[in-house]
Structure formats: structure tokens, C-alpha cells
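Subject: The structure you asked for

Hi! Here is the structure to look through.

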Amino acid sequence: MAPYQSLEEYNIDITNDVKERYERIIDEIGEDVSREGLVKTPERAAKAMLFLTQGYKQNAVEILKGAMFKESYDEMVIIKDIELYSLCEHHMLPFFGKAHIAYIPNGYIVGLSKIPRIVDVFARRLQVQERLTHDILECLNNTLKPQGVAVVIEASHMCMMMRGVQKQNSVTTTSGFRGQFEKIETRNEFLKLISSNLS
Ligand SMILES: Nc1nc2c(ncn2[C@@H]2O[C@H](COP(=O)(O)OP(=O)(O)OP(=O)(O)O)[C@@H](O)[C@H]2O)c(=O)[nH]1
Ligand SMILES: [Zn+2]
């Protein structure tokens, strides 16, 4: 961003840049970018891509720190079935699914909505599922400094469905555990609660 530019000017510049590149792609695949149905497509696609990658401009630590409250509750807090949409860094095709997250507070709880918010901050980047899992885990662990944190992600990858190996029903599960969740009993309690309808 040039020093003389406002954020709005900068965003317009980037959108125009990305738009011109989409025009080129549409032309290269043999389409007519000037036909009615496509004339606004490069701009729409640019806006969509910038939305789907807006996580680069967001700060997950600040989001968490903005809503940490002193509280002595020290049982497991679980938020399950957080839907997520990301883009795989290999093909820039979507992968999507659910995140299940738990932590055991250590003097501080965090505003519940902030957990799905940080999932989105890291998901709205070019990712692999493993790094996405790790980014969320480490951010919660380093910022909230809880007694333990657990992250499980289940996702389907469009690059394995629409193309390539073309498997429609495979689901990839990744997980990470820190602190108390490294103990088998605590981890099992969490895994049991996320697979039940009661948690
Ligand atoms: N580990 C991991 N792999 C991923 C993820 N998303 C996509 N991939 C894989 O990235 C790999 C890239 O492999 P390459 O052989 O370089 O790419 P490719 O020729 O398009 O591979 P195919 O998908 O098998 O056709 C593929 O095996 C994808 O399935 C992810 O989140 N984690
Ligand atoms: Zn891929």
C-alpha cells in the first residue's frame, strides 16, 4: 500500500488488478469476456477471491485479546460443528467442513463468537488442512494460555472431488492437542462429546 493512498483507494486498486487478471484467464480458456453474461464476471470473481482470502488482513490475536474475560471456570468449553470454507493452496479450489474446538480455561474465558471468528481468519487464506488446524491451535494456545486446547477439523476437498482422483465421499480429519488434552482421558472425553448430540 503506497503511503499516500487511503485504504479504500488501495482496495479499489487491488480489485482492479485482480479483475484484469481474471479477464485474461477467461480469454485464455477460449471464452468471450465481452459477452453479456461474462462482462461483469472478472469484477465479481475478483471481489469473491479477495473476500475468500481476507484472512491475510486480519489479526486473530487481536480478535481474541479483545474479548478475554477473567473467570475462574476451569471445565472444558467445547464449540463444535463450526462450519468452515477454505481454499487449498495447491489448486486454489475450496475445501470445506467443520471444526470442533475445545479449551480448558486458565483464569480467562474468551467471548464464544471469537472462536468461529478466528477459524475464519485462518480459513480465509490459501491453506492446507494440516496448517489450518495448527494455526488455530497455536493461536488459541499462545493467546489464551489455557490449561489445554483441542482442535479437530473434518473436511472435503473439491480438488479431490471435481478433478484429480475424483472421490466424492472421502473426508479428511486432522487434529491437534495441547496441554491437558495431551492426556488420553481428557482427549477421549472431548472426542466423545463432539460425537454426541448432547454437547
Ligand atoms: N496434505 C494435504 N494435501 C492436500 C490438501 N489439499 C490438497 N492436497 C493435495 O495436494 C496434492 C498436490 O499434489 P500434486 O501431485 O502436486 O498435484 P496434482 O498433480 O494436481 O495431484 P492430484 O490431485 O493427485 O491430481 C494432492 O495430493 C492433493 O490431494 C491439504 O489440505 N493437505
Ligand atoms: Zn487441492
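Start with the zinc ion (ligand 2): along the sequence, its donor residues follow the spacing C-x2-H-x67-C. They are Cys88 (SG), His91 (ND1) and Cys159 (SG), at 2.1 to 2.3 Å. Donors here are N, O and S atoms within 2.8 Å of the metal (3.2 Å for Na, K and Ca), and water is not among the atoms, so sites may look incomplete. His91 sits in the loop between strand 2 (77–88) and strand 3 (94–104), and Cys159, 68 residues apart from it, lies in helix 6 (residues 158–161). Helices (H or I, at least four residues) and strands (E, at least two) are DSSP runs, numbered from the N terminus.

Before you go on: this is a predicted model, where local features need pLDDT of at least 70, side-chain atom pairs count only at pLDDT 80 or more, and totals for chains, interfaces and linings use all residues. Residues are numbered from 1 along each chain as written, chains are lettered from A and ligands numbered from 1 in written order, and side-chain values use heavy atoms, without hydrogens and water.

Are those two residues buried or exposed? Cys159 is buried, at 10% relative accessible area, while His91 is partly exposed, at 37%. (Buried is under 20%, exposed over 50%, partly exposed in between; 1.4 Å probe, protein chains only.)

Now the helices. Helix 1 (residues 7–28) and helix 2 (residues 41–52) have axes that come within 8 Å and cross at roughly 120°. Axes are lines fitted to C-alpha atoms, for helices over the stretch in contact, with angles from 0 to 180 degrees between N-to-C directions.

Cheers!
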